[in-house]
Amino acid sequence: MAGKRRMDGLHKHRRRAECVAWHKFRSEGGSSVYPGVSDVVSKLDNALAFQQQALGLRAYRQQVLASNIANADTPHYKARDIDFSAALKNAVAGRGNGDLTLAASSPRHLGGVGTGAAPLLYRKETQSSVDGNTVDMDIERSQFAENAIHYEAGVAFITHHLRMMSAAMSTGQ
Amino acid sequence: MSMFSVFNIAGSALTAQSLRLNAVASNMANADSVAGPDGKPYRAKQVVFEATPMGAAGGQGVRVRQVVEDASPARMVYDPRNPAANDQGYVAMSNVNAVEEMVNMISASRSYQTNADVMNTAKTLLLRTLQLGQ
C-alpha cells in the first residue's frame, strides 16, 4: 500500500513535470499531434483524487464495522472504528495515517513517510456486558447503514463528475 | 480491496452462528435423553467464539475455538420404574436448560440475519462500484 501511494505521488509529480515541459514546448513555438492531452489527463486525475481517497476509506471503514458485527457474540472483543474525517484529511494531505515516518539518525538521511491504514480506535462503551464484549449492535448497524449510504454517495459523485467531464469534452462536436 | 473482505468476515460469522445453532438443536433434541452414546447422561454443548484476523489490516472475523460441555450437575428425576434409575429411584437426566437454549437460539438467528444483511449491503456497494461512470 505504501508503495502504491508513493507511486501515485511520483506519477503526479511526473505529470506536473510533463505539463511544465509541454507549456515550455508550446511557448517555444512547437506543435504536438495531441496538444494538451497530458494536461487534460492530469486535470481529470486531480478532479477525481479526493473522491477516490474518500471511497477507499469508506470501503475500509465498512470492513471494520463488518468485523464488529461479526464479533457481536465473541467474549472480550472490543468494538473498533476509525476517525473518518481525520483519516480523510491525512489521506488528502498525503500524510501517512499509521504514523510510519522513517527514523532519521543523521540530518543527511532522506525523510520518508509510510502510509499505513487509518489508525483503529476503540469505541466508547455504552452498556457493559459480563463477557467483556463492547459491541453495541444498534450503534454498529446504524453506522454500517450510514457508511453504506456515504459510499453510494461517493460513487454517485464520481459518476456525475465523469459525466460532466465527458459533456465538456464532447461539446461542439 | 477491503470491500471483498467484508464477505469473508460476514461469512465467517455465518459459519460460526450456524455452528452455534447446530449446538442448540443438538441440546434441544437431547433435553430429555437419559443416556448419551457413552452411557452417561447427555451434557449440554456450548460453542466458544474467538476473533480471528481476516482481510486487510484490522479486519477481524470470528471462528469457533472449541465446543465445551456444560459442567452443571445432571437433572435428577424421581422415576423408580425407569430401568436407568439408581438405588433411591432417581434417574439422571441431561443438564440441558430449555430456556437458556431458546434464548441462545434467538440470539444466534438474529446474529445470522444481521450478518446476511451485511453481506447483502456489501454486494450492493460492489455492484454500484462496477456501474461507476455508466
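Biologist: Thanks! What kind of model is this, and how are things numbered?

Modeller: This is a predicted model, where local features need pLDDT of at least 70, side-chain atom pairs count only at pLDDT 80 or more, and totals for chains, interfaces and linings use all residues. Residues are numbered from 1 along each chain as its sequence is written, while chains are lettered from A and ligands numbered from 1 in the order in which they are written.

Biologist: How many residues of chain A are in contact with chain B?

Modeller: 27 residues of chain A are in contact with 31 residues of chain B, where contact puts the C-beta atoms, placed from the backbone, within 7 Å. On the chain A side, helix H2 (37–70) and helix H4 (137–170) are the elements that give two or more residues. Helices (H or I, at least four residues) and strands (E, at least two) are DSSP runs, numbered from the N terminus.

Biologist: At what angle do H4(A) and H2(B) pack?

Modeller: About 10°, with the axes of H4(A) and helix H2 (residues 98–130) of chain B 10 Å apart. Axes are lines fitted to C-alpha atoms, for helices over the stretch in contact, and angles run from 0 to 180 degrees between N-to-C directions. H4(A) and H2(B) are therefore roughly parallel.

Biologist: Which residues make that contact?

Modeller: Among them are A:Phe144 and A:Tyr151 of H4(A), and B:Val118 and B:Leu125 of H2(B).

Biologist: New topic: which residues touch the most other members of the largest nonpolar core?

Modeller: Of its 39 residues, they include A:Ala66, A:Ile69, B:Val6 and B:Val118. Such a core is a set of buried Ala, Val, Leu, Ile, Met, Phe, Trp, Tyr and Cys residues joined through C-beta atoms within 7 Å. Buried means 20 or more other C-beta atoms within 10 Å of a residue's own, exposed 12 or fewer, and partly exposed in between. H2(A) gives the most to this core, with 10 residues.

Biologist: And what does B:Val6 touch?

Modeller: Not counting residues up to four places away in sequence, B:Val6 touches A:Gln62, A:Gln63, A:Ala66, B:Val118 and B:Ala122.

Biologist: Where is A:His76?

Modeller: A:His76 is in the loop between H2 and strand E1 (80–81) of chain A. Its phi is near 65°, a positive value in a residue other than glycine. Most residues other than glycine have a negative phi.

Biologist: Is A:His76 buried or exposed?

Modeller: A:His76 counts as exposed, because it has 12 C-beta neighbours inside 10 Å.

Terms used
Contact = placed C-beta atoms within 7 Å. Parallel < 35°, antiparallel > 145°, perpendicular 65-115°, else oblique.
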